[in-house]
Amino acid sequence: GWVADALPAYFVKTELWKISLWQWAALLLLVVIAYALGYLFSRLVVRSALSLARRSRTEWDDLLIERTGGPFRLAVSIAIFYVGSLTLGLTPAGLGAMAVLAKSVAVMSVAWLAMRLVDLFAGFVDQKLDVRGDASAKTLVPMGRRVAKVFVLAIGVLSLLQNLGFNITGLLAGLGIGGLAVALAAQKTLSD
């Protein structure tokens, strides 16, 4: 198209993984543009939401909006990057790679958001237990936070592996059988 006519032949004919050199340069430029637009858009949305949330009497909604800023920025940036990559005339393999990249970053964004929500919820529970003066229950909050984060991380890794094309069904079955074997082996030890 018009890009091939405007650029030297070297940029059009030189390919790496079936993507022309000019397309690689455009993808790098697109990363910068997507991040800048994602930053501006997420900042605008978060500021608007914060101004509305500050009108309420509760503090948790303010914290919720503040904690979602980073993951939201990442999600918006990857959406802009993916839509922009569709306009570059990539081969079907290149478009497939961009789709996998977008899905993978979206999974990371959701996992990041979930981790932040776990921290927020644990802090909220910790604060409520301080008010009630329940010190014994308060000692369980850090452990619950860690368990929830490990669970979120495991779900995120499994989703990421599935998006990358791995068959996680076999992995989950293997982990289930392995967990059963460990539980049966530890049965005597736990009963003593």
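**View 1. Asp119 is partly exposed, at a relative accessible area of 23%.** Buried here means under 20% relative accessible area, exposed means over 50%, and partly exposed lies in between (1.4 Å probe, protein chains only). The model is predicted: local features need pLDDT of at least 70, side-chain atom pairs count only at pLDDT 80 or more, and totals for chains, interfaces and linings use all residues. Residues are numbered from 1 along each chain as its sequence is written, and side-chain values use heavy atoms, with hydrogens and water left out. Asp119 forms a salt bridge with Arg145, at 3.7 Å from N to O; the term requires a side-chain nitrogen of Lys or Arg within 4 Å of a carboxyl oxygen of Asp or Glu. Asp119 belongs to helix H5 (residues 92–132) and Arg145 to helix H7 (residues 140–163), so this bridge ties together parts that are 26 residues apart in sequence. Helices are DSSP runs (H or I, at least four residues), numbered from the N terminus. Arg145 is partly exposed, with a relative accessibility of 30%.

**View 2. Lys149 and Asp119 meet in a salt bridge, at 2.9 Å from N to O.** The partners lie in distant parts of the chain, Lys149 in helix H7 and Asp119 in helix H5, 30 residues apart. Through shared partners, the salt bridges join Asp119, Arg145 and Lys149 into one network. Lys149 is partly exposed, at 24% relative accessibility.

**View 3. A salt bridge pairs Glu66 with Arg54, the closest N and O atoms being 3.9 Å apart.** Glu66 sits in helix H4 (residues 60–85), whereas Arg54 is in the loop between helix H3 (21–53) and H4; the two are 12 residues apart. Glu66 is partly exposed, with a relative accessible area of 41%, and Arg54 is exposed, at 53%. In total, the structure holds three salt bridges.

**View 4. The largest nonpolar core has 13 residues.** Such a core is a set of buried Ala, Val, Leu, Ile, Met, Phe, Trp, Tyr and Cys residues joined through side-chain atoms within 4.5 Å. The members that touch the most others are Leu27, Ile78, Phe81, Leu88, Leu90 and Met98. H3, H4 and H5 each supply at least two residues of this core, and the largest share, five residues, comes from H3. Apart from neighbours within four places in sequence, Leu27 is in contact (heavy atoms within 4.5 Å) with Phe81, Ser85, Leu88 and Met98.

**View 5. Leu29, Ile33, Tyr35, Leu37, Tyr39 and Leu40 form a nonpolar surface patch.** Together these residues have about 580 Å² of accessible area, computed by the Shrake-Rupley method with a 1.4 Å probe, where only the protein chains shown count as cover. A patch takes residues with over 30% relative accessible area and no salt bridge; nonpolar side chains (Val, Leu, Ile, Met, Phe, Trp, Tyr) are joined within 5 Å, and like charges within 9 Å. Tyr39 is found in helix H3 and is partly exposed, at 31% relative accessibility.

**View 6. Helix H7 has 24 residues, and its end C-alpha atoms are 35 Å apart.** Val141, Val152, Gly156 and Leu158 are the buried residues of H7. Gly165 follows H7 and has a positive phi, near 100°.

Methods
Expected span 1.5 Å × (residues − 1).
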